[in-house]
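Please look over the sequence and the structure below before reading the report that goes with them.

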Amino acid sequence: MKMVVDVKSVKKVYGAKGNVFTALDGIDLSVMEGEFIGIMGPSGAGKSTLLNVIATIDQPTSGDIFIDGTSILTMNEDQLASFRRDKLGFLFQDYNLLDTLSVKENIVLPLALAKVNVKELERRVDDIADTFGIRPILEKYPYQISGGQKQRTAASRAIITNPRLLLADEPTGALDSKSATDLLESLKELNEHRQATVFMVTHDAFAASYCKRVLFIKDGKIFTEIVKGTSPRKEFFNKVLDVLSVLGGGTSDTV
Amino acid sequence: MTLFSLAKRNIIGNFKNYLLYFLSMIFSVVIYHTFVSLRYSSEIEKNIESFQSMRSVFLQASIILIAFVAVFIWYSNAFFTKKRKKEVGMYSLLGLRKKTIGKMMFYENLLMGAGAVIAGVLLSTLLSKMFTMLLLRLLGTDVDVGFTLSLEAFGNTIFVFTCIILITSIQGYRLIYNFNLIELFQADKEGEPLPEVSMIGVIIGTILLVFGYWIAFQPVDSNGQILRNLLLIMGSIVTGTYLLFRTAIVYLLKKAKEHKSSYYNGINIIGTSHLLYRIKGNARMLTMIALLSALTLSAITIGTSQYYNFTTHAKQLEPFSYTYISKGDIEEEKIKEIIYEDKNHPVQAELTVPLLKVHTDPSDTDLPEYLEQLMAEFPEEDFINLISAKTFNQVSAALDRNEKVTLSGNEAAMIKPRYTHDSFSDYEGRTITLKLPEEEKQVRFTHLLEGRVLSWRYPDAYIVLSDELYSEMEKQIQPVAYKTYQVKDQKNTELTSNQLHQLGFDDLKLSTFYKVYKRGLESAGQDIFTLGFLGLVFLAATGCMIYFKQLTEAHSDKGRYEILRKIGVRKKEVLTTISKQSLFIFLLPLIVGISHNLMIVKVLLGINLIGGDISIPILTSIGFYIAIYLGYYILTVNTYYKIVNL
């Protein structure tokens, strides 16, 4: 199996002399093709920083990151932009939809930017519309739809380019439990049926229980890791909660 | 900490946010104070002959400026407070009383206003020397100007701006009372529905514009028609322009959206949808700016056309350097002496122009329209001036003109009256019956001549007759002999001209080219300065309004561009889409403004408000307009890009 992400002893230090804060303190991790990986940890542990450096939005202070075998630290601004466009898909807590575009336009935006021809573009929207159940709202505008619909729109946009890696930052954070479950089911289906590689940061144990593997971060270091294997989701959920209680200082959302 | 010091801290801490507002206030103060200083300038008073009339023009102009400056400051204040709504909401949420917040906003605005007035007055004092010199140069006087401080001007500026700033400060005070907390917090995220296109609007708008332009190209005959046409043009153009921006542009953008292969091609999708999203809020501003620029451009064109053409006008009004009625007495000798004594301006031609003053027969029905009107106006006077073809040709030669006329028998040539658009067809084949003491003589018009012979006076009717007819008439009436001189470099004959006028020989009807020229120069210089000054200020301010509006949009677009960068839009592409969108917003009023301006100029030409060669004035004013907008465009794109890329 191919390695999609390879993070090698990455450090990220904020602030200048005298007032230094270490967000990431020598993180090593690798993500294989077709994995659904979750990152958990208390607030301030460095989850989002890790996601941002992998997403090429932020640069690490030291260490190296390879995505698909290419180091992303040697790329310039324009190369990074193209890289993000071609290889990565993003899903954020606050959806990040453009309110000037309709749902459909939001979804095809990455394809339009990559200058994919109109026919292919329509075909892919058609293909994805049912996976996320957004066909009835394609012509609506973001301010006309609910939070769950917005997040499903965002998810459609994230995967329409068939990215090598789907990065999700607290995707269920702003959703009610029904919408959250719908979204997680969709992500799971994507992962299982389309072999999409998903990298999700969450503080919600319920969301984490959909992952195949969950990493726990504390104070910028990897604390531990648990693998779902063949155990049912309910059981995995309890395991996650156990680790969280050991980890302390953090979230204890219950289902 | 007192409220006052909190306000002071706010200003210092947020200086970057305040800077734009502060600068636009300084700009207004500089403009206004400079103008007022000129009004009270003693330097100008000393050097200008028609200072009183100029003062009244400046007074009117400064009233326009007050109105304008007030609107401009009010607009930038609105832009500025919009950015601060959230902050004000936050204070309120923290439990500060409305009254306290209001007072704080009031103090802030007051402090900034005071700062701007001080800075502006200092700056404009430095600039006023430059402007005074510019004005005096335009008026044809070169003097060295020192720095002057006029207390009157200072008082005037302070008074005007205290009023304006007090009003905006009260506006700031009211801010917290005018909105609910929730509105203050949501100032940035208004979800505007997409504008609907009504085809009726597009059609009506187009029809109105076409109609307005069509009327502008219709010939007008009477004053009533002129007034009616102006009203029709104004109404249809104003409404048409608004509908154009409100519906037609939306329609075009929607069409662009439907054209999928280009819409879904790269960054176009962003640019088009952004423009469409904003067009509703922009329509009114763009309409106002397009119309205002059209008017301003026309005003500048009028001003510059007068400046470019006043020498030609002066030559038409006063063809010779010196002209008077020759009576062959001592007075005439005196005049001759003065003219010949002026060694710097040697006489190039000296000529006697005899002319006969006669009347026409009231029962004459075949008169050209122009003469008919004069006839009705001067039924008793001998208003028709007759000269011989020989004299006319002599005048032409003396003034280096190429126009020559040969007439025989009862052929006659009309010299084209000034301030008319008469053409030969108005005279061709018409006749006039000239009333002489012993007989009546009918002559037939066969030519229309351009070259003017004597000083312009109303009624302006000169008819050239064949030499034999003229000499026949000369036997019956005593001719009036005008003595004319053409000298070298007549534009600089100030000394001689003044000397001659001081003689006080009123009955000789003495007139000099210099006097007419100088009067024309002063009024044209004054016009070009006032109109040019106001025009540039207006154009600069309209550009500034677009700039402010675009910056407001940049601030609310920040999030959108952040999303775009996250999903992999290159910085270069961001720059491209910003450039394209801004270009659209700047180009629309520019094109519409210029087009309307050309139309207005056409109307003005049609009603003789301006004349002569106006291509240079038009090109100059349009050139300035484009240059100003280009500057703002570059500034806008840069600032916009910086804001969204932070």
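Predicted model: local features only at pLDDT ≥ 70, side-chain atom pairs only at ≥ 80, totals over all residues.

The sections that follow describe a pair of helices, several salt bridges and one threonine.

## Two helices in chain B

Helix H8 of chain B, which covers residues 199-216, packs against helix H18 of chain B, which covers residues 571-606, with the axes 9 Å apart and at an angle of about 30 degrees. Because angles under 35 degrees count as roughly parallel, H8(B) is described as roughly parallel to H18(B).

On the side of H8(B), the contact is made by B:Leu209, B:Tyr213 and B:Ala216, while H18(B) contributes B:Ser595, B:His596, B:Met599, B:Lys602 and B:Val603. Sorted by class, the residues in this contact of H8(B) with H18(B) are five nonpolar, two polar and one charged.

## Salt bridges that join distant parts of chain A

Over all chains, a search of the whole structure finds 30 salt bridges. One of them joins A:Asp58 to A:Lys12, with the closest N and O atoms 3.3 Å apart. A:Asp58 sits in the loop between helix H1 (47-54) and strand S4 (62-67) of chain A, whereas A:Lys12 belongs to strand S1 (residues 3-14) of chain A, so that the pair links distant parts of the chain, 46 residues apart. With a relative accessible area of 11%, A:Lys12 is buried, because buried means under 20%.

A:Glu33 and A:Arg164 also form a salt bridge, in which the closest N and O atoms are 2.7 Å apart. A:Glu33 lies in the loop between strand S2 (21-32) and strand S3 (36-40) of chain A, and A:Arg164 lies in the loop between helix H5 (147-159) and strand S7 (165-169) of chain A, so this pair ties together parts that are 131 residues apart in sequence. A:Glu33 is partly exposed, its relative accessible area being 28%.

## A further pair and a network

In another salt bridge, the side chains of A:Asp126 and A:Arg135 meet at 2.9 Å, N to O. A:Asp126 is partly exposed, with a relative accessible area of 43%, and A:Arg135 also counts as partly exposed, at 35% relative accessibility.

A network of salt bridges links A:Asp99 with B:Arg278, B:Glu553, B:Asp557 and B:Arg560.

## The surroundings of A:Thr172

A:Thr172 is found in the loop between S7 and helix H6 (177-193) of chain A, and this residue is buried, with a relative accessible area of 6%. If its neighbours within four places in sequence are left aside, A:Thr172 is in contact with A:Ala180, A:Leu183, A:Leu184, A:Thr202, A:Asp204 and A:Ala207.

Terms used: Residues numbered from 1 in each chain as written. Chains lettered and ligands numbered in written order. Heavy atoms only, no water. Axes fitted to C-alpha atoms, helices over the stretch in contact; angles between N-to-C directions. Helix = DSSP H or I, 4+ residues; strand = E, 2+ residues; numbered from the N terminus. Parallel < 35°, antiparallel > 145°, perpendicular 65-115°, else oblique. Contact = heavy atoms within 4.5 Å. Nonpolar A, V, L, I, M, F, W, Y, C, P; charged D, E, K, R; others polar. Salt bridge = Lys/Arg side-chain N within 4 Å of Asp/Glu carboxyl O. Buried < 20%, exposed > 50% of the residue type's maximum accessible area, 1.4 Å probe, protein only.
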